[in-house]
Amino acid sequence: QVQLVESGGGLVQPGGTLRLSCAASGSIARINDMGWYRQAPGKERELVARIIGGSPNYADSVKGRFTISRDNAKNTVSLQMNSLKPEDTAVYYCNAIIATMKSPGLWNNYWGQGTQVSVSS
């Protein structure tokens, strides 16, 4: 009933910028919070940034470089990534806690399919 679709990934040089976007669609009653995770080859998926109740949280590795924002009316979340480093290379996943219209009192965890971010010279 609900889908998350990411966009904006690509290949950039170190020091470059990218902006990721995620749109939630479907039978949505309410979205509690949204965020971004990433997973590099051979590593576990890790939290990059999350915004809850208008308050953003960031992994220490991206503080000062990444900015998360959310448009509640459009059910979207974005991640502005500046001063990108090779260590940022990973598949980035959108995540959201959503209650559907079918079960508006039940919160579920939804994931997008991911978008590749590659930082290399």
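Me: In which strand does D33 lie?

Reply: Helices (H or I, at least four residues) and strands (E, at least two) are DSSP runs, numbered from the N terminus. Here D33 belongs to strand β4, which covers residues 28-39. Before going further, note that this is a predicted model, in which local features need pLDDT of at least 70 and side-chain atom pairs count only at pLDDT 80 or more, while totals for chains, interfaces and linings use all residues. Residues are numbered from 1 along each chain as its sequence is written, and side-chain values use heavy atoms, with hydrogens and water left out.

Me: Is D33 buried or exposed?

Reply: Buried means under 20% relative accessible area, exposed means over 50%, and partly exposed lies in between (1.4 Å probe, protein chains only). D33 has 5% relative accessibility and therefore counts as buried. For the protein as a whole, 40% of the 121 residues count as buried.

Me: Which residues does D33 touch, leaving aside those up to four places away in sequence?

Reply: Contact means heavy atoms within 4.5 Å. On that basis D33 touches R50, I51, I52, R70, N95, A96 and I97. Across the protein, among contacts between residues at least 6 apart in sequence, 59% join residues at least 24 apart.

Me: What kind of interaction joins the side chains of R50 and D33?

Reply: A salt bridge is a side-chain nitrogen of Lys or Arg within 4 Å of a carboxyl oxygen of Asp or Glu. R50 and D33 meet in such a bridge, at 2.4 Å from N to O. The pair links distant parts of the chain, with R50 in strand β5 (residues 46-52) and D33 in strand β4, 17 residues apart. R50 is buried, with a relative accessible area of 8%.

Me: How many salt bridges are there by this rule?

Reply: The count comes to five. Among them is the bridge between R38 and E46, at 2.8 Å from N to O. R38 is buried at 6% relative accessible area, whereas E46 is partly exposed at 31%. A network of salt bridges links R38, E46, R65 and D88. K63 also forms a salt bridge with D60, their closest N and O atoms being 3.1 Å apart; D60 is exposed, with a relative accessible area of 65%.

Me: How many disulfides does the structure hold?

Reply: A disulfide is a pair of cysteine sulfur atoms within 2.5 Å. The structure holds one, formed by C22 and C94 with their sulfur atoms 2.0 Å apart. C22 lies in strand β3 (residues 18-26) and C94 in strand β9 (residues 90-100), so the pair ties together parts that are 72 residues apart in sequence. The torsion about the S-S bond of C22 and C94 is about -80°, so this disulfide is left-handed. Both cysteines, C22 and C94, are buried.

Me: In what sense do β9 and β10 pair?

Reply: Two strands pair if DSSP finds at least two bridges between them. β9 and strand β10 (residues 107-111) pair in the antiparallel sense, over five bridges. The two strands β9 and β10 form a hairpin with six residues between them. Within this pairing, I98 stands opposite N108 in β10.

Me: How many helices and strands are in the protein?

Reply: The protein has zero helices and eleven strands. Its C-alpha atoms fill a box of roughly 50 × 25 × 25 Å, taken along the principal axes.
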